[in-house]
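Please review the structure shown below together with its sequence.

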Amino acid sequence: MAELTNPGETRQRKQSVGAMELQGPGGAVRTVALEEMTDADRALAAEFGYKPVFKREFGYLSTFSFAVSISGLFSTVATTFSYPLYAGGSSSAVWSWFISGAGCMCIACSVAELVSAYPTCGGLYYTVSRLAPRKYVPYISWVTGWLNLLGQVAGVASSEWGAAALLLAAVSMGTDGAYVPTTNHTVGVMAALTVVTGLVNSLSTYWMEKMTKGYVIFHILVLVTCCISLLAMATEKNGTPKHTAKYVFTDIQNTSGWEPTGWSFMFGFLSVSWTMTDYDATAHITEEITEPELKAPWAISMAMLFTYVAGWLYNIVLCFCMGEPADILASDFAQPVAQIFLNVLGKAGGIVFTVCAFIIIKFVTFTAMQALGRTLFAFSRDRLVPASHIWTKILPLTGTPVLAVWVCVFFCIAINLIGLGSYTAIAGVFNVCAIALDWSYCIPIACKLIFGNFKPGPWHLGKFSYIVNIWACLWTLFVSIIFLCPTVRPTTAENMNYAVVFLSAILVFATAYWFAQGRKWYTGPLIEAEINENSSQTSDEDLARKSKGEKEQEQAMQGM
């Protein structure tokens with residue numbers, strides 16, 4: 001579907017003259033001519049106006065591995081498999097993945113197309129400045145940025161919760177059920193694991209790339225080995241007979257309380273949307289990728305295709321081998337897939353694959369936190385968030401925005417603390433992750449469709465672009481309605497879907513902050529240095545705009 005266009009037929013990178021002051025990992029500042037930069041850094045400086053501050057370490061394999069790690073298929077299915085089982089049983093798990101995955105692929109390909117055209121670590125938030133008319137850019141990019149930030153924080157927080165739950169499930173197996181995880185234990189372990197994620201993300205891009213590169217191989221090996229083991233060991237002789245194909249593909253068990261059953265069935269879409277999301281995470285590291293306009297969109301589209309196909313097959317295997325849904329949903333450690341591992345593979349096999357799921361979801365948190373830290377850095381670079389001058393600081397020792405990483409760690413732990421008051425409210429974090437992220441993608445996609453200012457990069461969808469973009473927006477609108485509804489009826493304070501509360505809170509905060517302070521200085525993604533074809537001097541108009549914006553923000557912050 002995707003096409004690689006002739007460079008002469010698309011937007012050209014400016015081959016301008018000029019120089020920039022860059023800070024190296026050791027803290028030394030040196031002046032570098034554009035001709036001395038890599039093609040990707042030169043494009044970033046000349047066309048998008050941003051100083052290259054990250055070292056480009058990611059190639060094809062590590063970029064693809066990064067994109068795959070964001071989905072964390074093996075572990076994210078394990079932590080969300082209960083949703084389709086409650087919604088409609090086996091058939092919901094199988095067909096929700098097949099149907100919803102197709103919609104998610106449309107979003108992923110639409111995102112990849114925009115990333116190819118505008119490869120900056122601001123991701124799709126930045127594209128609004130190129131797609132929408134100038135007068136609409138400030139507020140549209142403001143809302144898009146805050147939605148994306150909420151979605152990423154919720155994504156890391158929910159992944160850390162899932163990691164803690166899987167680790168404690170393995171511990172419970174090891175004690176033969178003598179230890180039963182509690183919500184308080186899960187919160188405590190979650191906080192400790194989030195701190196570990198922060199420590200890993202305090203390392204340099206060099207080490208992050210090395211850690212990421214081999215992940216995809218490990219993930220695929222675990223996935224294939226587990227599926228083969230389950231199919232081989234699920235026999236009547238072992239007391240865990242397989243279900244029939246008719247049962248797997250057609251059995252419906254609606255335990256949600258919703259009627260009609262067809263409506264309940266669609267709550268299974270959450271497992272897919274939570275797994276196949278954060279498509280633009282790879283975009284947030286494009287300033288650390290060589291040839292990002294090619295490698296980033298390729299990695300996004302291929303990683304999501306792998307997740308779609310492999311995820312559907314994995315769900316089918318689980319449904320064949322799961323036994324009675326009611327039994328695994330009643331698991332003492334509240335992890336149905338881990339219970340399947342234990343039932344079919346025994347104690348040793350159950351522990352091994354549950355630990356593998358834990359390791360994989362920790363890689364999800366490592367890469368998701370890397371993307372989140374770069375997102376906060378990019379938003380701070382454009383002065384979208386409070387105290388932006390702090391979050392743009394690069395630690396000379398590692399060449400990474402460490403302060404941005406650790407404030408993200410704080411908020412990821414904070415949002416999960418609601419689990420102390422209501423375990424059910426954690427489901428809202430999973431829901432709002434999918435909703436907020438997909439909305440932050442579809443706003444730029446809608447701008448592309450409505451305003452017609454899009455200039456394709458070297459990777460694009462060709463004649464299918466319009467249809468795929470339209471379906472991506474319609475699908476997001478459709479599933480957002482489902483994800484905001486309570487998953488169980490009758491609805492009480494204990495089983496309420498709090499996603500609507502989280503989403504409303506961030507929209508109210510973003511709107512209030514906009515009218516109170518943001519509109520005084522924020523004019524959209526800023527240009528730090530515009531180097532045109534005839535001069536190496538910064539545009540006087542943009543320089544004045546930037547200085548005025550910085551002055552107004554400083555005055556506003558002092559008055560807060």
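The model is predicted. A total of 28 aromatic pairs is counted in it. The largest nonpolar core holds 158 residues, and helix H16 (residues 336–381) supplies the largest share of that core, 20 residues. Helix H3 (residues 73–80) packs with H16 and is largely enclosed by the rest of the structure, because eight of its eight residues are buried.

**Aromatic pairs**

- The count of aromatic pairs comes to 28. One of the pairs joins Trp142 and Tyr513, with ring centres 5.4 Å apart; the planes stand at 45°, so this pair is tilted.
- Trp142 belongs to helix H7 (residues 137–174) and Tyr513 to helix H21 (residues 499–521), so their pairing ties together parts that are 371 residues apart in sequence.
- Trp142 and Tyr513 are both buried.
- The pair of Phe341 and Phe353 is tilted because its planes lie at 50°, with the ring centres 5.9 Å apart.
- Phe341 has 1% relative accessibility and therefore counts as buried. Phe353, with a relative accessibility of 9%, also counts as buried, because the cut-off is under 20%.
- A cluster linked by ring pairs includes Trp142 and Tyr513, together with Tyr139, Trp146, Phe509, Trp514, Trp521 and Tyr522.

**Charges over rings**

- Lys448 places its charged end over the ring of Phe454, at 4.9 Å from the ring centre.
- Arg489 has its charged end over the ring of Trp258, 4.9 Å from the centre of that ring.

**The largest nonpolar core**

- Among the 158 residues of this core, those touching the most other members are Phe74, Phe81, Trp146, Leu230, Tyr279 and Tyr314.
- H16 contributes 20 residues, the largest share of the core.

**Packing of H3 and H16**

- Two packed helices are described by the angle between their axes and the distance between the axes.
- For H3 and H16, the angle is about 115° and the axes are 8 Å apart.
- The crossing of H3 past H16 is left-handed.
- On the H3 side, the residues that meet H16 are Phe74, Ser75, Val77, Ala78 and Thr79. On the H16 side, they are Val337, Phe341, Phe353, Cys356, Ala357, Ile360, Ile361 and Val364.
- The buried residues of H3 are Leu73, Phe74, Ser75, Thr76, Val77, Ala78, Thr79 and Thr80.

**Two individual residues**

- Gly214 occupies the loop between helix H9 (205–213) and helix H10 (215–233). Its relative accessible area is 37%, so Gly214 is partly exposed.
- Between Gly214 and Ser62 the C-alpha to C-alpha distance is 7.7 Å, whereas the two residues are 152 residues apart in sequence.
- Thr127 lies in helix H6 (residues 124–131). With 0% relative accessibility, Thr127 counts as buried.
- Not counting residues up to four places away in sequence, Thr127 touches Leu114, Tyr118 and Pro444.

Methods. Residues are numbered from 1 along each chain as its sequence is written. This is a predicted model: local features need pLDDT of at least 70, side-chain atom pairs count only at pLDDT 80 or more; totals for chains, interfaces and linings use all residues. Side-chain values use heavy atoms; hydrogens and water are left out. Rings of Phe, Tyr and Trp (its six-membered ring) pair if their centres lie within 6.5 Å; planes under 30 degrees apart count as stacked, over 60 as edge-to-face and the rest as tilted. Helices (H or I, at least four residues) and strands (E, at least two) are DSSP runs, numbered from the N terminus. Buried means under 20% relative accessible area, exposed over 50%, partly exposed in between (1.4 Å probe, protein chains only). A charge sits over a ring if NZ of Lys or CZ of Arg is within 6 Å of the ring centre and within 35 degrees of the ring normal. A nonpolar core is a set of buried Ala, Val, Leu, Ile, Met, Phe, Trp, Tyr and Cys residues joined through side-chain atoms within 4.5 Å. Axes are lines fitted to C-alpha atoms, for helices over the stretch in contact, and angles run from 0 to 180 degrees between N-to-C directions. A crossing is left-handed if the near helix is turned anticlockwise from the far one by less than a right angle, and right-handed if clockwise. Contact means heavy atoms within 4.5 Å.
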